[in-house]
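Please read these notes with the structure open beside them. They are meant for someone meeting it for the first time.

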Amino acid sequence: MSSQLLIVVIDGCALAYVNPQDTPCLFRLAEQGFFKVVHSAIPSVTNVNHATILSGAFPEQHEVVGNYFYNRDTGEHGFIEDPHHMKMATIIDRYQQAGRKTALLTVKGKVLEVFGKNATIGINLQKTTPEQLASYDLPAPPDVNTLDTYDWIFQACYRVIEKEKPDLVYCTTNDYMMHNYRPEAPEAKTVMSTIDRWLGKIYDLDPTREIYITADHGMNQK
């Protein structure tokens, strides 16, 4: 655990959204490191793939097998929104056990609630505190179902890294844009350019930081 580490999950980012014109910084990082097309875990939904990315295990091991749960014995069902569903340690847990500083930043609050219980710093766009906004010089967060979330969460990521210098940062968006706009749409290009700009700024803070950028799943054609 010698290098500082950043893992970025661009929720729902199919490969068609990434190109040298809109995401030149991402391509620069790929040229300096590596680029690979990979399959998502199945079912190809958010919770399953966050669990897989964070644990390095498959659903039959970590037991997060959907965004929802159903208990056949009790009839209880609903969203997966608490940590007891996750049956394996995450990389955040392991860093915490080693006494290292971690941060989890998310647009979707459930990601922090399910996977971030041991994070040193936890920022949830849907439930920020006045202290967090003041400490990291952040504007009030936008509505979760808007394109402004992408700029906000990466600005927060930049501020946390700049001020706190965590050993591990896990930063994830939501997939609002991908559900609503095709890759060639102006809105999609603006969002991808925004993400790319912040990734470049974060890289420039410390070029020795290891940065891994992935999607949790792809997106059907619209």
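Predicted model: local features only at pLDDT ≥ 70, side-chain atom pairs only at ≥ 80, totals over all residues.

1. Start with strand β1, which covers residues 5–9. Five of its five residues are buried, so the strand is mostly covered under the cut-off of 20% relative accessible area. Leu5, Ile7 and Val9 point one way from β1, while Leu6 and Val8 point the other way. Residues on both sides of the strand are buried.

2. β1 has two strand partners to look at. Strand β6 (residues 168–172) runs parallel to β1 and is joined to it by five bridges; here Leu5 has Leu168 as its bridge partner.

3. Helix α7 takes in residues 148–164, 17 residues in total. From first C-alpha to last the helix reaches 24 Å, close to the 24 Å expected at 1.5 Å a residue. Its buried residues include Tyr150, Trp152, Phe154, Cys157 and Ile161. Lys165 follows the helix and has a positive phi, near 50°.

4. Is Asp175 buried or exposed? This residue sits in the loop between β6 and α8 (176–180). Asp175 counts as buried because its relative accessibility is 8%, and the cut-off for buried is under 20%. Leaving aside residues up to four places away in sequence, Asp175 touches Asp11, Gly12, Lys108, Tyr150, His217 and Met219.

5. The largest pocket has a volume of about 1,200 Å³. Its lining holds 37 residues, with Lys36, Val38, Ile213, Thr214 and Ala215 closest to the centre. Elements giving two or more residues to this lining are α1 (24–32), α2 (46–55) and β7. Which of the elements gives the most? It is β7, with five residues. By type, the lining of the largest pocket divides into 23 nonpolar, ten polar and four charged residues.

6. The second largest pocket holds about 340 Å³ of space. It is lined by 17 residues, and those nearest its centre are Phe79, Lys108, Gly109, Lys110 and Gln126. One of these, Lys108, is also a contact of Asp175. Both α5 (109–115) and α8 supply at least two residues of this lining. The lining of the second largest pocket divides into four nonpolar, seven polar and six charged residues.

Note on methods: Residues numbered from 1 in each chain as written. Heavy atoms only, no water. Helix = DSSP H or I, 4+ residues; strand = E, 2+ residues; numbered from the N terminus. Expected span 1.5 Å × (residues − 1). Buried < 20%, exposed > 50% of the residue type's maximum accessible area, 1.4 Å probe, protein only. Pairing = 2+ DSSP bridges. Contact = heavy atoms within 4.5 Å. 1 Å grid on protein atoms, 1.4 Å probe; cavity = no way out; pocket = protein on both sides within 12 Å on 5 of 7 lines; lining within 4 Å. Points joined across faces, edges and corners; volume = space filled by probe spheres on them. Nonpolar A, V, L, I, M, F, W, Y, C, P; charged D, E, K, R; others polar.
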